[in-house]
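Here is a short report on one protein model and its ligand. Look at the structure first, then read on.

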Amino acid sequence: MNLNKIPATVVTGFLGSGKTTLLAGMLRQVTGKRIAVIINEFGEQDIDSSLLRGCALDCDDGDDSPVEVEDGIYELANGCICCTVEEEFLPVMKQLVARRDDIDHILIETSGLALPKPLVQAFNWPEVRQHCTVDAIITVVDGPAVAAGRYASDIDKVEAQRRADDSLDHDPSLRELLDDQLSAADLVLVTKTDLLAPGDRERVEALVRARVPASVKTLFIDQSLAGDKAQLEALMGIGAASESHIDAIDNHHDRHHAEGAHHDHAHDNFDSCVIRLGEVDGEALTARLQALLQRHEIYRAKGFAALPGKPMRRVIQAVGERQEGYFDRLWRADEARQTQLVIIGKGLDSAALHAALADAEIATAR
Ligand SMILES: Nc1nc2c(ncn2[C@@H]2O[C@H](COP(=O)(O)OP(=O)(O)OP(=O)(O)O)[C@@H](O)[C@H]2O)c(=O)[nH]1
């Protein structure tokens, strides 16, 4: 490890697995480091950076926090970081390298559909390699989703199709994406253990163990990690220099290319849409969204709701069929009180989604 290089932690993992929650915990707890953050989202609206900025404002109550968040968050254009390494990621890294005297650590959150390998390979480009190293690739895995067989059921479907027709050019499955995100891991964090049923933990552990080398540690965590300063600091000092061994990592995606198969990235099979509304009835929005989560193939929904008479904005989060809502900060005078939701899934009909959610909108007399 070269001590003069800026360490970068790459946080990867499927949609809604808990990457932003981890980053928010690091930004809140790991004071004393000047941290630059690079965020990449699949949806057309960047919700995560707004959440992280919300966190920074919360933390900024008087004490002279050295964490330079308001300035230090870099949003990459929407899409997938693994496809835009050269156009999007390298220019940002060059900016960070130019500012290297002001930066102690870089946190990178990939989109939930990205493969970490191409991004980490970019650390071997001469202009980056000289000044930065990958401290660790942390793969975040949604424990309850794995335990519920979300990834397994998908591959079962694909394998059933394959058996039916050997020549079938199948879509990349969720399991391949999970495999590829895990194959690159220096550390695995299984999240949401508070939601695991007895016995689930062993099943998830076995699944992870089958996909990572014995030397890769797996930690089971829940939201209490967000308050555990010592552990979060330890996560930012692993010293794996992942770029030095990334080329040797085998994954489905490269194999498909090597076989010459026409094979799209997983995210080519996903759609995303943004729903924009005015003020909404909070309960009605929750009910309408819940009905959509049950009827449509929606993996992730997130955004903000403006509720009449409420000075704070409400964060809306949905992963699979589970929804969560909380107020994170006051609406600012310079922003419109608007409801905005990003929805990611397969085969989405954005007009139908909009119509269903617009039912929750409060009619305003103009
Ligand atoms: N119960 C529980 N919920 C969690 C935990 N960690 C994260 N969540 C919730 O899971 C949802 C998704 O978390 P995020 O941190 O936004 O996930 P993400 O991986 O950043 O999501 P994308 O960026 O959209 O891929 C949020 O509603 C979180 O509050 C946990 O340990 N337990």
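Helix 1 gives the largest share of the shell around the ligand, 3 residues. Helices (H or I, at least four residues) and strands (E, at least two) are DSSP runs, numbered from the N terminus. This is a predicted model: local features need pLDDT of at least 70, side-chain atom pairs count only at pLDDT 80 or more, and totals for chains, interfaces and linings use all residues. Residues are numbered from 1 along each chain as its sequence is written.

The shell around the ligand holds 21 residues, and Lys-19, Thr-20, Thr-21, Gly-112 and Gln-317 come nearest. A residue is near if its C-beta atom, placed from the backbone, lies within 6 Å of the molecule.

| Element | Residues |
|---|---|
| Helix 1 | 19–29 |
| Strand 9 | 298–305 |
| Strand 10 | 312–319 |

The shell divides into 3 nonpolar, 10 polar and 8 charged residues. Here Ala, Val, Leu, Ile, Met, Phe, Trp, Tyr, Cys and Pro count as nonpolar, Asp, Glu, Lys and Arg as charged, and the others, Gly among them, as polar.

The chain is divided into domain 1 (6–267) and domain 2 (270–358), with bounds from an automatic or database domain assignment. Each domain gives at least three residues to the shell around the ligand. The domains also touch: 16 residues of domain 1 are in contact (C-beta atoms, placed from the backbone, within 7 Å) with 15 residues of domain 2. On the domain 1 side, helix 2 (residues 47–59) gives the largest share, 5 residues.

Methods
Two residues are in contact if their C-beta atoms, placed from the backbone, lie within 7 Å.
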